[in-house]
Amino acid sequence: MDRELRTLLVEDSEEDAELVELALKRGGFNVVAHRVESKPAMDDALTCGSWDVIVADYSMPQFTLREALDMVRRKGLDIPFLIVSATIVEEAAIGAMRDGAHDFIMKDKLARLAPAVERELREAILRRERRHLEEHVRQNQRMESLGVLAGGVAHDFNNLLVGIMGNASLAIDMLPESSPVVPLLDDVVLASQKAADLTRQMLAYAGKGRFVSEPTDLSALVQDISGLVRTAISKKVQLDLQLEPNLPPIDADPTQIQQLVMNLLINGAEAIGDKVGTVTVKTGLREVDAATLITHFTSQGIESGSFVFLEVSDTGCGMDNATQSRIFEPFFTTKFTGRGLGLAAALGIVRGHKGALKVSSETGKGSRFEILFPLSSKPLRRPQPAPEEITRRATTSAGHILVVDDEELVRRTARCALERYGFTVLLSENGQRAVDVFAGLSDQIALVLLDLTMPVMGGEEAFRKLKAIRPDIDIILMSGYDEGQALLGFDGPEVSGFLKKPYTGERLAEAVRGIIGKRAAAVV
């Protein structure tokens, strides 16, 4: 069967247009042609139609070839544009090629037209593929830049949060429970924890984080976040939760899944705008075959089977095909004040959980996002009882604790917290200083708290030098990055522990006492 060729003929002569069609048909094309001979007619054809090729006469009475080429260029169209003429001279042909034409054929040699069209169609495909690849490279570069920015923000921001959260928790510990200040300080700690979650979400989106997966009840997670979502969306938008109870667990990072749900719900509410509408959230269990996964879902090598699904739909404005094709691009947004990160982050979270995603939408009829999560092979964890309060009794036989961090606020907070719980603390502001201190007091230091990102000498190099001086020294690494990213350069058995910033004074003391306790038990 001949290949269909949607052809826009820019030609004032109907007879010449028929000759062009005949030449293309003889070349094996099933020609679907439309002829225009004026500027308004061509503008309408380019706006309303979809064309594989444009074939234009060089000389027309109503508008010029240059104007025709300019119209195509201004609309941002990449359509093979070929000139046919009986009178064009070489200089004029070269000028037309500079203006954007792809080839020219003399009317007495129309046998060349079909092969030229075939060639230019292939070239157009190659140009589109090249642009797609270049855009992919640019997108990766944007993501890399965002990752660098996120790393710097995480380090500095989490250091500040150590001071806020650590000192607030210490103040709570020093006050009687009946003090009216305690609830206020509790709010400070809670706000600090939420700020730390935001930093973690940024790192995960930029590829610098690591999902901490655990068996999770999706319905319970959605229920937990629904109250927060209701405060963040318009009062005119109703939130309809249709959550299936007792679903099988999924392996998920609860913080990331809550962020995913939040992004989708707020996106749906914003699509409704100031109108009255509904955002519906459904969860349940579904069997999905391989064909459906391949043809309908954005997924990466996921096998068919049973899935827990999350479906978020809205009665908002919906999206056209062009918008749907770009909604997951970083920084793409249709909102004046938007940042274009919400849905891009949502897709990153789905992929990070080995899930699949499907989007369906129609202008004026709302949108629906459907996400599939593989089932976990592990049972849900039961809540653990709260640990007993850490004793403040000094452990004088344990030795000194060396705290190494370039931020004075972090060092001061750590010293306050550890001394509060009975430890003797030494401080160093960078890796080189820590190595010097440790070389002189290695027999008196029981444990080192070591930040990873510092000037003069970073944490990784300092770690190696400390171990070279005394291989059995316990070292707890500290970082604003998640554990998986922070420990990439370390062998597991070498590292005694990891403490993610920010942390409370109690959490810091608990980590230190846990390591020292293990060491003491091993000696006994």
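Is Thr 7 buried or exposed? Thr 7 is buried, with a relative accessible area of 1%. Keep in mind that this is a predicted model. I'll come back to Thr 7 in a moment.

The overall picture comes before the details. The chain has 16 helices and 17 strands. There are 524 residues, and buried ones make up 44% of them. The accessible surface is about 27,200 Å². Carbon and sulfur atoms account for 52% of that surface. Now the contacts. Take those between residues at least 6 apart in sequence: 73% of them join residues at least 24 apart.

Back to Thr 7. It is in strand S1, residues 3–10. Which residues does Thr 7 touch, leaving aside its neighbours within four places in sequence? The list is Leu 24, Val 31, Val 32, Ala 33, His 34, Trp 51, Val 53 and Val 55.

H2 covers residues 39–48, and Met 42, Ala 45 and Leu 46 in it are buried. Those three cover an arc of only 95° around the axis, so they sit on the same side of H2. As a general point, an α-helix has 3.6 residues a turn, so residues three or four places apart point the same way. On the other side of H2, Pro 40 and Cys 48 are exposed. What do the buried residues of H2 pack against? They pack against S1, strand S2 (29–36), strand S3 (53–57), helix H3 (65–74) and strand S4 (81–85).

Next, helix H5. It runs over residues 113–174. Helix H5 gives the most to it, with 4 residues. Take Val 153, which lies in H5. Val 153 has a relative accessible area of 32%, so it counts as partly exposed. Patch residues must be over 30%, which Val 153 passes.

Stay on H5 and move along to Ser 169. Why does Ser 169 count as buried? Its relative accessible area is 15%, and the cut-off for buried is under 20%. Ser 169 and Val 189 are 20 residues apart in sequence, yet their C-alpha atoms are 6.8 Å apart in space. Leaving aside neighbours within four places in sequence, Ser 169 is in contact with Val 189, Thr 504 and Gly 505.

Those last two contacts bring us to another stretch of the chain. Helix H16 covers 505–523, strand S17 covers 497–500, and Pro 502 lies in the loop between them. Which residue is joined to Pro 502 by a cis peptide bond? That is Lys 501, with omega at about -5°.

Ser 313 lies in strand S10, residues 305–314. Ser 313 is buried, at a relative accessible area of 17%. Leaving aside neighbours within four places in sequence, Ser 313 is in contact with Thr 278, Val 279, Thr 280, Ser 367 and Arg 368.

On to helix H12. H12 has 13 residues, 408–420. At 1.5 Å a residue, H12 should span 18 Å, and its end C-alpha atoms are 18 Å apart, which agrees. The buried residues of H12 are Val 410, Arg 411, Thr 413, Ala 414, Ala 417 and Leu 418. Note that Arg 411 is on that list. They cover an arc of only 165° around the axis, which puts them on the same side of H12. After H12 comes Gly 422, whose phi is positive, near 100°.

Asn 246 is in the loop between strand S7 (237–242) and strand S8 (250–252). Asn 246 counts as exposed, at 75% relative accessibility. Where is Lys 354? It lies in the loop between helix H11 (342–352) and strand S11 (356–361). Lys 354 counts as exposed as well, at 62% relative accessibility.

Start with Thr 7, buried in the model at 1%. Finish at the cis bond between Lys 501 and Pro 502.

How values were computed:
Residues numbered from 1 in each chain as written. Predicted model: local features only at pLDDT ≥ 70, side-chain atom pairs only at ≥ 80, totals over all residues. Heavy atoms only, no water. Helix = DSSP H or I, 4+ residues; strand = E, 2+ residues; numbered from the N terminus. Buried < 20%, exposed > 50% of the residue type's maximum accessible area, 1.4 Å probe, protein only. Expected span 1.5 Å × (residues − 1). Arc of directions from axis to C-beta. Contact = heavy atoms within 4.5 Å. Areas by Shrake-Rupley, 256 points an atom, 1.4 Å probe, with all protein chains shown as cover.
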